[in-house]
4 protein chains.
Amino acid sequence: MKKTKVGIVNVTGYAGVELARLLSRHPGVDLASVTGRSTAGKQLADVFPHLAGSQLTIEATLSGVEIAFTAMPHKESAAVVLPLLDKGVRVIDISADFRLKDAGAYPQWYGFTHPTPEKLTEAVYGLPELYRKEIASARLVANPGCYPTGAILALAPAVKLGIAGSHAIVDSKSGVSGAGRSLNLKTHYAEANEGACAYALDGHRHLPEIVQELALLKPEEQPEITFVPHLVPMTRGILTTAYAPLSAKKTAAEVMQAYCDFYKDEPFTKVMASPPHTKHTWGSNICFVHPTIDKRTGRLVVISAIDNLVKGAAGQAVQNMNIMLGLPETTGLEAAAVYP
Amino acid sequence: MKKTKVGIVNVTGYAGVELARLLSRHPGVDLASVTGRSTAGKQLADVFPHLAGSQLTIEATLSGVEIAFTAMPHKESAAVVLPLLDKGVRVIDISADFRLKDAGAYPQWYGFTHPTPEKLTEAVYGLPELYRKEIASARLVANPGCYPTGAILALAPAVKLGIAGSHAIVDSKSGVSGAGRSLNLKTHYAEANEGACAYALDGHRHLPEIVQELALLKPEEQPEITFVPHLVPMTRGILTTAYAPLSAKKTAAEVMQAYCDFYKDEPFTKVMASPPHTKHTWGSNICFVHPTIDKRTGRLVVISAIDNLVKGAAGQAVQNMNIMLGLPETTGLEAAAVYP
Amino acid sequence: MKKTKVGIVNVTGYAGVELARLLSRHPGVDLASVTGRSTAGKQLADVFPHLAGSQLTIEATLSGVEIAFTAMPHKESAAVVLPLLDKGVRVIDISADFRLKDAGAYPQWYGFTHPTPEKLTEAVYGLPELYRKEIASARLVANPGCYPTGAILALAPAVKLGIAGSHAIVDSKSGVSGAGRSLNLKTHYAEANEGACAYALDGHRHLPEIVQELALLKPEEQPEITFVPHLVPMTRGILTTAYAPLSAKKTAAEVMQAYCDFYKDEPFTKVMASPPHTKHTWGSNICFVHPTIDKRTGRLVVISAIDNLVKGAAGQAVQNMNIMLGLPETTGLEAAAVYP
Amino acid sequence: MKKTKVGIVNVTGYAGVELARLLSRHPGVDLASVTGRSTAGKQLADVFPHLAGSQLTIEATLSGVEIAFTAMPHKESAAVVLPLLDKGVRVIDISADFRLKDAGAYPQWYGFTHPTPEKLTEAVYGLPELYRKEIASARLVANPGCYPTGAILALAPAVKLGIAGSHAIVDSKSGVSGAGRSLNLKTHYAEANEGACAYALDGHRHLPEIVQELALLKPEEQPEITFVPHLVPMTRGILTTAYAPLSAKKTAAEVMQAYCDFYKDEPFTKVMASPPHTKHTWGSNICFVHPTIDKRTGRLVVISAIDNLVKGAAGQAVQNMNIMLGLPETTGLEAAAVYP
């Protein structure tokens with residue numbers, strides 16, 4: 001079988017190098033080209049010793065691929081994506097540049113005017129649990145943010161099925177790799193280790209993405225989401241705890257059943273009978289979801305756990321690619337999490 | 001000046017040994033007696049090398065003290081506290097055995113019938129920020145739980161001042177030492193490291209304590225608290241994020257001012273202009289509080305950070321002791337947190 | 001192709017469950033039976049959520065397999081291995097029970113008299129880099145210990161080629177999972193986290209194994225190895241730093257070349273131009289080796305890095321199985337390390 | 001009693017801010033002035049929330065002090081120290097600029113020509129265990145490096161007493177704060193966490209310092225030290241394992257006794273009967289030392305454990321200051337380590 005040639009723009013960030021890990025062993029595609037900026041010309045295996053087997057050289061520009069993963073910082077990604085689309089390359093963009101449908105949100109949340117608002121309509125939000133069909137034929141997939149992946153998968157069944165309204169609290173605890181590979185005092189080892197903190201209390205960039213998707217699930221109600229991200233001292237993982245008032249009288253068992261039904265055919269989103277641990281997602285594309293009801297107050301409480309770099313970034317991107325190529329959705333993503 | 005003789009029952013748990021650290025350097029008291037069960041007869045410094053200078057031998061029973069700190073597991077603590085009180089020893093109990101005013105809550109939450117319900121009335125809840133005057137003359141102080149300390153200090157001003165109702169979400173992230181020194185698979189290194197999880201979703205024992213104290217602050221309203229504790233991979237620290245609907249129209253600046261006023265004379269509870277990091281509380285009795293308003297939804301959000309073993313246990317106990325003895329409240333607790 | 005049926009005795013320890021992770025996706029074998037003691041009767045996926053896809057039930061005894069992995073504590077393993085051999089099952093024993101050729105060493109190092117000394121001669125020491133041919137036809141493979149794997153791979157070329165004598169210092173730094181899943185105060189999270197220590201200074205059980213193998217490489221010299229293991233706060237990984245006087249005048253470049261030649265056909269042992277980081281081995285069967293010469297003192301210094309649960313246990317066992325079955329040696333072990 | 005006014009140059013590095021923590025509570029001195037470069041003009045407590053009680057403003061230049069701690073990077077420190085000395089300020093320099101007696105070593109190891117070689121003779125190496133008397137009257141104390149402190153305290157008795165020669169292997173494992181507060185990919189959280197590595201195999205800058213001091217202890221023998229530093233994932237602590245051939249026939253008990261005698265009057269260096277854990281030094285000025293003999297090979301093995309920022313930097317500097325001022329040597333350094 002002829003393998004589809006794929007490439008990664010900016011392989012040297014954590015999402016990019018995680019894509020390289022997953023794609024280099026993917027049986028259905030050929031990772032043919034990877035690019036980096038300051039590392040162009042070096043061997044991928046020299047920059048990243050864990051990819052010891054790779055023969056790839058990091059290039060300055062992508063070439064000869066049918067599908068491209070673009071893992072650039074926001075604003076810069078759009079500039080890379082558009083020429084690729086023009087050349088007929090299908091693109092899975094890991095950045096935020098095509099996630100928001102409302103071009104007007106970009107200046108406010110990301111500080112730039114979107115160069116091609118019309119592409120925002122075309123782009124498909126790459127959460128297979130909600131948009132599998134659209135992804136299959138998409139030219140441009142906007143791969144979800146790490147926090148939105150955990151938050152939306154936690155709340156989607158409740159919102160969609162009318163169990164809860166979209167007036168929710170989303171309290172997320174993220175490992176430090178979510179902040180990227182660029183140096184920053186907050187992610188300096190001695191600063192981040194052995195401490196926990198909340199941040200972005202005046203509004204994190206992933207909030208409009210969460211709001212947009214929950215609004216689409218229940219158009220008759222304007223979501224009111226309070227989203228507070230936290231940094232906790234671990235490398236990978238996002239644990240999200242979502243709280244919402246029930247809009248229908250339900251028992252915990254009924255909510256559990258509804259979630260099980262909602263996700264019953266999902267290869268990667270598993271409803272769990274007990275609260276999940278991010279440790280059990282390490283390196284894998286799994287999302288664990290545990291819904292329950294606080295019996296004293298009647299509030300819905302849902303916990304989700306993902307690996308921020310896999311289901312929250314590179315793994316979900318590969319899942320999207322599999323759908324786009326008509327491959328079995330789990331191809332190249334079968335490996336269990338590395339525990340302990 | 002004659003120093004008051006004090007002792008620790010069960011010095012070998014984490015709260016007990018932290019008391020030993022703080023009391024062994026306290027200029028106003030003489031740590032005269034410490035007890036342990038399996039370690040009785042050993043030198044304290046042999047069991048705990050960080051207390052290298054100590055000359056104390058761990059005893060089987062406490063003797064010759066005027067104030068006792070009892071750091072036993074719940075249910076067992078009551079059995080130790082009552083004979084001490086009978087002998088005229090003032091007691092600061094680190095366990096939960098005297099925290100709840102309602103004896104009926106003990107069977108439900110702690111699985112035992114309280115032996116002396118009348119002592120529950122006498123016991124003073126040892127949160128100086130709320131009960132300083134009562135602590136001063138108390139014979140029996142019930143030292144607050146670690147989670148309740150962080151939660152109540154986060155919400156007390158808002159509830160007391162009518163800024164928010166007591167219908168709140170309390171999402172707490174605790175370091176692993178909070179689970180104690182007894183062995184458990186959940187706190188086995190390879191299980192707890194590099195992972196985060198929620199637990200006790202059907203009701204944590206600290207919930208009734210939080211509810212009780214918030215109810216006392218605003219008797220006209222029955223609190224509805226959803227409290228979800230989480231374990232995150234660090235040794236010390238509790239970060240609490242509390243969410244509540246505003247009951248009065250307030251700006252973030254007004255809420256900040258109200259909190260600053262509420263805590264302005266507190267030696268250990270500091271209102272911060274930006275979200276605190278548990279790292280900055282390591283080893284110290286400080287509690288950092290940061291209140292704000294989510295401007296999109298109008299919800300109150302308050303973050304608090306403590307060291308669970310200090311302000312959440314041993315440090316607060318020493319603070320209570322200082323108040324009981326009429327010493328300056330910060331005596332022996334002046335050391336800054338160890339950072340980084 | 002008919003797949004070989006394989007099984008795991010004691011799947012619930014860290015080596016056992018890591019075998020389950022690797023074997024459940026192995027394309028050449030069918031993981032048909034797993035056993036546990038206290039967990040017999042439970043679903044493997046319920047005990048270990050990261051194995052979410054598994055349909056296996058944990059059994060009390062192994063059945064219907066052609067190859068068995070025995071991951072019992074020492075002494076208990078021998079009792080399980082012998083009946084399996086009698087039934088014609090080929091065995092890869094993860095314990096130490098068949099690693100030492102000298103039956104007389106068992107009482108001294110492991111505290112029991114070996115039940116079948118004759119099997120010690122038959123057993124093949126399962127380090128493919130040294131015994132590939134013997135492994136291929138073995139009925140019983142003694143899978144090497146984690147520390148010996150790192151130490152022997154670091155020193156073997158130097159000893160074998162006469163670059164260094166076998167009078168070496170082996171200083172190893174291990175992640176905490178190496179101490180197993182059984183509870184112990186030393187591996188309690190709050191005790192092991194944020195601290196480093198040396199242990200077993202009077203002789204670690206892995207010492208005779210290291211000595212035995214180095215002696216076999218250079219029979220004319222009795223090795224004098226000082227081996228000091230250390231515990232460092234990470235879940236996985238062993239970094240070994242070995243020091244030995246040079247027995248031949250060599251430059252660092254010559255030593256590097258000799259190591260490269262020695263390991264040039266090895267699929268998993270890679271000689272690196274710079275010192276390796278255990279992080280780059282996480283979850284993979286790789287062993288990185290970096291030899292150099294301290295130019296001031298003329299001593300050989302070799303660093304090796306492995307994942308203690310993979311190349312140091314389960315991965316090497318699967319590598320041995322592949323050799324025994326005539327499969328390509330890397331089958332099921334191709335996945336790159338999970339970084340960061 | 002009039003308190004001596006002291007100051008810190010470059011309070012914003014980890015050694016500087018640790019000095020601020022210790023000096024701000026020191027009863028014998030008044031921390032009167034602290035300087036920083038990019039932070040000049042800010043409140044110390046705003047930059048470092050753990051110093052919440054401090055009223056100090058970070059200044060651009062030091063003023064009005066009798067003793068100065070200079071915590072600048074090497075080369076820059078010399079430029080700051082000399083004018084202070086000229087003004088009659090006694091200086092404790094935390095950098096390496098005055099540690100080496102041989103001016104010729106600076107170009108080789110530190111890449112600059114020393115501006116005032118004559119000051120190298122005057123400077124006293126600030127290891128109280130060896131130079132207490134000289135420190136008392138010194139104008140300029142060169143505070144030892146973190147690795148040399150652990151290495152020299154481990155080996156000094158053996159070398160001085162002729163138990164071992166100075167042909168030793170020094171294998172040190174350091175927490176990440178030792179690399180400082182400046183940003184670097186190696187100390188980026190996701191890179192340093194959950195991994196261990198050796199570095200500086202071609203010669204670490206602390207080597208000449210170790211060699212110099214061991215040579216002074218046994219002038220008749222030229223030391224041959226192989227020193228390999230390692231980074232392990234913890235914030236604080238250095239565990240050093242030193243190996244040396246015995247030069248006299250000694251039992252482990254005799255060596256232990258010799259070490260106990262050597263350090264018997266030391267307030268901070270404690271000889272331990274079992275191998276120490278860096279955890280028990282966290283935040284304190286203690287150095288634990290455990291000497292033993294590998295009975296199989298007859299080699300001396302000594303373990304030492306320190307907090308790299310306290311006994312390895314700021315705490316030792318305060319200890320030196322106490323000696324210089326004629327204060328009890330433990331003043332301001334009495335606090336026990338924070339455990340767990």
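Predicted model: local features only at pLDDT ≥ 70, side-chain atom pairs only at ≥ 80, totals over all residues.

Trainee: What makes β4 and β5 of chain D a pair?

Mentor: Pairing takes at least two DSSP bridges between two strands, strands being DSSP runs (E, at least two residues; helices are H or I, at least four) numbered from the N terminus. Strand β4 (residues 67-70) and strand β5 (residues 90-93) of chain D have four bridges, in the parallel sense, so they pair. One of the residues involved is F69(D), whose bridge partner in β5(D) is I92(D).

Trainee: Which helix packs on the sheet and touches β5 of chain D?

Mentor: Helix α3 (residues 76-86) of chain D, which also touches β1, β4 and β7 (140-142). Its direction makes about 165 degrees with that of β5(D), on a scale from 0 to 180 degrees between N-to-C directions, with axes fitted to C-alpha atoms, for helices over the stretch in contact.

Trainee: Why is the relation of chains A and B called a two-fold axis?

Mentor: Chain B can be laid on chain A by a turn of 180 degrees and a shift of 0.0 Å along the axis, with an RMSD of 0.0 Å; the superposition is least squares on C-alpha atoms of residues with pLDDT of at least 70 in both copies. That is the relation of a two-fold axis. The same surface serves both copies, as 100% of the contact residues of chain B recur in chain A; contact means C-beta atoms, placed from the backbone, within 7 Å.

Trainee: What is L155(C) in contact with?

Mentor: Leaving aside neighbours within four places in sequence, L155(C) contacts A168(C), L214(C), A242(C), A244(C) and V302(C).

Notes. Residues numbered from 1 in each chain as written. Chains lettered and ligands numbered in written order. Contact = placed C-beta atoms within 7 Å.
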